[in-house]
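Open the model in your viewer and keep the selection tool ready. The stops below say what to pick next and what to look for.

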Amino acid sequence: MAGQQFQYDDSGNTFFYFLTSFVGLIVIPATYYLWPRDQNAEQLRLKSLRRVHGRCLWYRLRLMKSQQSIVPTLKKAALLFGWVVFLLLAYKVSKLDREYQEYNPYEVLHLDPGATTSEIKKQYHLLSKKFHPDKGGDEAAFMMITKAYAALTNEQTKKNWELYGDPDGPRATNFGIALPAWIVDQKNSMLVLLVYGLAFMVILPVVVGTWWYRSIRYSGDQILINTTQLFMHFMYKTPNMNMKRLAMVLTAAFEFDPRSNKEATIRPTDNIEVPQLIRELGNINVKKKEPPFCYPYSLKARVLVLAHLSRMEISEDLEEDQRFAVRKSPALLQEMVNVGCQLTMMANSRGGFHAPRLVSIENCMKLTQMIVQGLQETKSPLLQLPHFDEEHLRYCVSKKYKVRSLQDLVSLKDSERRSMLRFLVEEKYDEVISVLGSFPHIAMETKLQVLDDEDSNNITAGSIVTVTVTLTRKRMAVRRLQIPSPDVFRVSLQADASKAKTKVWQNNKKQATKKSKKKKLTKKKAPQANGSVDAVAVPKEDDEEGSDKGSESDEAEANKDSPSERDEESDKQSDTEVDEIAGDDEEQEWEALQQSIQRREKALLETKSKVTHPVYSLYYPDEKQEWWWLYIADRRDQALVSMPYHVCTLKDTEEVCVCVCVCVCVCVCVWAAEREESEESSLRAK
């Protein structure tokens, strides 16, 4: 058997192949993922949002950042440099001589495969005269020609060439290592060993250890584990947490501590500016000695958040720190909601301690809205709109208009609204209307089913109910045109019921005078906007025939059979009709169930973007998307029935399924995570 030989690349040619492949594996994927996307698309998107969000802080910061940022330019320069190196290496490789070529004696003699012996000899004589060393020819070429001639004329050499690809027979297999020979040279051994030791014994362990140490400090939502433990301690200690206490717990998070988070900073000027803000804010429990509320980082974060809610003007240095605290707050409050849910589950399963009250969890949601909008709890929701100040509210809350919310402002007629907002010039008024028209209104529809029961619509106390909530987002400006109020909806149902009853009464009166059979009434359930159900009497379609055909035909039909036979036949017909209707209902219900299961399975596999609609927030430093909390609560006992579901993908319509055990009256609630807006629908166990 032929031997094997391993050797390093003395010429360095194969090393260029390796280096070219290595650089290509880095440059090509990096260009695909890191090349700056089309800046024009982002500029067009910002331009389309300018009319509504032009006054928002995040919009102005985004424009300033896009104009001053040099990161896209640096990325392009680095990627272009990588491509230049890659192309130079590829050009170098293309110029290298191929050392390992397949030996073909016909090509050496410049003959076609299958040439005859006479043609081979003739060509050999011509080439030997030309390349013979005695006649000034190339000795190496002459040796190749002689070897090729022997391979084609000698039977043994020809057989070796056909079997092994070489006239001399099998040779040792050479394996080239794509590293230059100087790497294994004894003179450079210490240097190479030092580089290997530094790379694999120092740099690599340090990088992996640093990454691991940082990752274990954070939860899946990128919140410090110490912060989660802190929230759990105080929510367990204070089940009924008011807004002031909640703000203190929020700003005590370790994300604001420079020792735990390098993004947080403590400046020397804080000793002067923070006490000044404390005097302007008033009572914020500065003298409370309970740790960590008394720590400097917690006090500073609390002051900055409260100053943001009061819309106070602060210095540039503190403004930068305030933006950092405000950016972190929504994620921290979401973690507090999760902690409250975990404590509720533990209290329900184990017992032994009190779960957080519903008001504590809802205060977390309210505080998120307050921070995003930069408003205190007692302030008017109208201050979310542009060009509205405290002094302008007196026009809205007057006895003539009594506008106290955004919904009240939308419900006004345009002439009344323009008259009330007479303090705004036409341009500012149009901006207010545009912003108001961008606000969402959520229509919530609920569907209850007991999937394991034969009658899925029959809900009793103790049943495991699957609540399917369909959320539909519409613009607030068109609410009056598309969504009727509960009072209007109830009036329309009553009008339909009165018409149906009048028609039934008239038909029964005619039938009584003509001695015709009585019509049967069925009860049809019509859902109302507030979740209740009314019974509306309507005639069956089979009994809506007119009775003006004459009494003779009715009497003749009545005399055909005896009354007992007619009753038996009518009972049989009614039974068969009921069975057919029940069978059709079961088939329809089964098909609907299968379709809902398929939709849920498809939704689980589908990846939806969390980019929904930008929120109008005048003082929030980042672009915030519309997100919602959906949960089922027991208002009487102030407790959660289902864990809050964070709806982050609601663009137009979203369907959410929740399984609960219905034993009391509960409410389905949906809270906006950005503005002071919520919806609630009652569900009762039948």
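Start with Arg 418 and Tyr 429. The charged end of Arg 418 sits over the ring of Tyr 429, 4.4 Å from the ring centre. The rule here: NZ of Lys or CZ of Arg within 6 Å of the ring centre and within 35 degrees of the ring normal.

A word on the source: this is a predicted model, where local features need pLDDT of at least 70, side-chain atom pairs count only at pLDDT 80 or more, and totals for chains, interfaces and linings use all residues. Residues are numbered from 1 along each chain as its sequence is written, and side-chain values use heavy atoms, leaving out hydrogens and water.

**Ring pairs**

Rings of Phe, Tyr and Trp (its six-membered ring) pair if their centres lie within 6.5 Å; planes under 30 degrees apart are stacked, over 60 edge-to-face, the rest tilted. The count comes to 12 aromatic pairs.

Select Phe 234 and Phe 293. They form a tilted pair, 4.9 Å centre to centre with 35° between the planes. Phe 234 is in helix 10, and Phe 293 is in the loop between helix 12 (270–281) and helix 13, 59 residues apart. Helices (H or I, at least four residues) and strands (E, at least two) are DSSP runs, numbered from the N terminus. Phe 234 is buried at 2% relative accessibility. Buried means under 20% relative accessible area, exposed over 50%, partly exposed in between (1.4 Å probe, protein chains only).

Next, Phe 388 and Phe 423. Their ring centres are 5.8 Å apart and their planes at 85°, so this pair is edge-to-face. Phe 388 counts as buried, at 4% relative accessibility.

**The largest core**

A nonpolar core is a set of buried Ala, Val, Leu, Ile, Met, Phe, Trp, Tyr and Cys residues joined through side-chain atoms within 4.5 Å. Which residues touch the most other members of the largest one? Pick Phe 256, Met 336, Leu 367, Ile 371 and Tyr 631, out of 48 residues. Helix 14 gives the most to this core, with 10 residues.

**Last stop: Thr 228**

Thr 228 lies in helix 10 (residues 225–237). Is Thr 228 buried or exposed? Thr 228 is buried, because its relative accessible area is 14%. Leaving aside neighbours within four places in sequence, Thr 228 is in contact (heavy atoms within 4.5 Å) with Ile 223, Glu 335 and Val 339.
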